Amino acid sequence: MTHSESGAKAGRRGGKRERLAAAAARVLHEQGMEKTTIADIARAADVPLGNVYYYFKTKDQLVEAAIGAHAQNLAGLITALDTLPTPQDRLKALLAGWVDQRELTARYGCPTGSLASELDKRDDGLDQTLAEVMRVLLDWAEQQFKALGRTADARELAVALIASYQGISLLTNTFRDPDMMAAEGRRLERWIDSLTP
């Protein structure tokens, strides 16, 4: 599911706080932190600007809510992936989800990676809040590699997988070429197959 789809679905259901958090995640991804205003987020969430301040007093609070939306989306994704029968299936489904978002990635980059890069330039601790979200994905990937029997190097393999995705996201975005993401997805699938006993 893309951010646009998840944001639109959140807009049709859920309360104003949830709509604002989902809209913040989407607008920050599309426009970046510098360019995004509270009014932009209010408009995307279809919430009157004055009402935003009832839930969020500052833009930083909206950024933190966006990080929470990323965490919630990741939790839902992991729950869905964990229903698949094998760790190989789960890892490949993760890849497929990334590849499915290649058009969005070509336009705006990785939602979490882009935000992490922007937050790294600040010293308010939000970068570490986002790092915790990324750590959840890294830990989950490590568990999948352990389940494949790669206990000695599971963490290294998880880092390699996430790093490959972040790198190809950057290249896909830089060159505005979604086919790069699709090709890397196919390569990573072969790599996962090569690790399977």
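Student: Is threonine 196 buried, partly exposed or exposed?

Tutor: First, the ground rules: this is a predicted model, in which local features need pLDDT of at least 70 and side-chain atom pairs count only at pLDDT 80 or more, while totals for chains, interfaces and linings use all residues. Residues are numbered from 1 along each chain as its sequence is written, and side-chain values use heavy atoms, with hydrogens and water left out. Buried means under 20% relative accessible area, exposed over 50%, and partly exposed in between (1.4 Å probe, protein chains only). Threonine 196 has 26% relative accessibility, so it counts as partly exposed. It lies in the segment after α11; helices here are DSSP runs (H or I, at least four residues), numbered from the N terminus.

Student: Which residues does threonine 196 contact, leaving aside neighbours within four places in sequence?

Tutor: Contact means heavy atoms within 4.5 Å. By that rule threonine 196 touches Gln88 and Leu148.

Student: How does threonine 105 count, buried or exposed?

Tutor: Threonine 105, in helix α7, has 1% relative accessibility and therefore counts as buried. Apart from residues up to four places away in sequence, it touches Cys110, Ser169, Thr172, Asn173 and Met181.

Student: Which residues of α10 are buried?

Tutor: An α-helix has 3.6 residues a turn, so residues three or four places apart point the same way. In α10 the buried residues are Ala154, Leu157, Ala158, Leu161, Ile162, Ser164, Tyr165, Ile168, Ser169, Thr172 and Asn173. They cover an arc of only 155° around the axis, which puts them on the same side of α10; the arc is that of the directions from the helix axis to the C-beta atoms. The face turned away from this buried side carries the exposed residues Glu156, Leu170 and Phe175. Among the elements covering the buried residues are α6 (87-100), α9 (126-147) and α11 (178-195).

Student: How are α6 and α10 arranged?

Tutor: Axes are lines fitted to C-alpha atoms, for helices over the stretch in contact, and angles run from 0 to 180 degrees between N-to-C directions. Angles under 35 degrees count as roughly parallel, over 145 as roughly antiparallel, 65 to 115 as roughly perpendicular and the rest as oblique. The axes of α6 and α10 are 12 Å apart, at an angle of about 10°. That makes α6 roughly parallel to α10. Leu91, Leu94, Leu95 and Trp98 in α6 meet Leu161, Ile162 and Tyr165 in α10. The contact of α6 with α10 has seven nonpolar residues, no polar and no charged. Here Ala, Val, Leu, Ile, Met, Phe, Trp, Tyr, Cys and Pro count as nonpolar, Asp, Glu, Lys and Arg as charged, and the others, Gly among them, as polar.

Student: And at what angle do the axes of α6 and α11 cross?

Tutor: They cross at roughly 175° and come within 9 Å. That makes α6 roughly antiparallel to α11. The residues of the contact of α6 with α11 divide into eight nonpolar, two polar and three charged.

Student: What is the phi of arginine 176?

Tutor: Most residues other than glycine have a negative phi. Arginine 176 has a positive phi, near 50°. It sits in the loop between α10 and α11 and, at 52% relative accessibility, counts as exposed. Aspartate 46 also has a positive phi, of about 55°, although it is not a glycine.

How values were computed:
Helix = DSSP H or I, 4+ residues; strand = E, 2+ residues; numbered from the N terminus.
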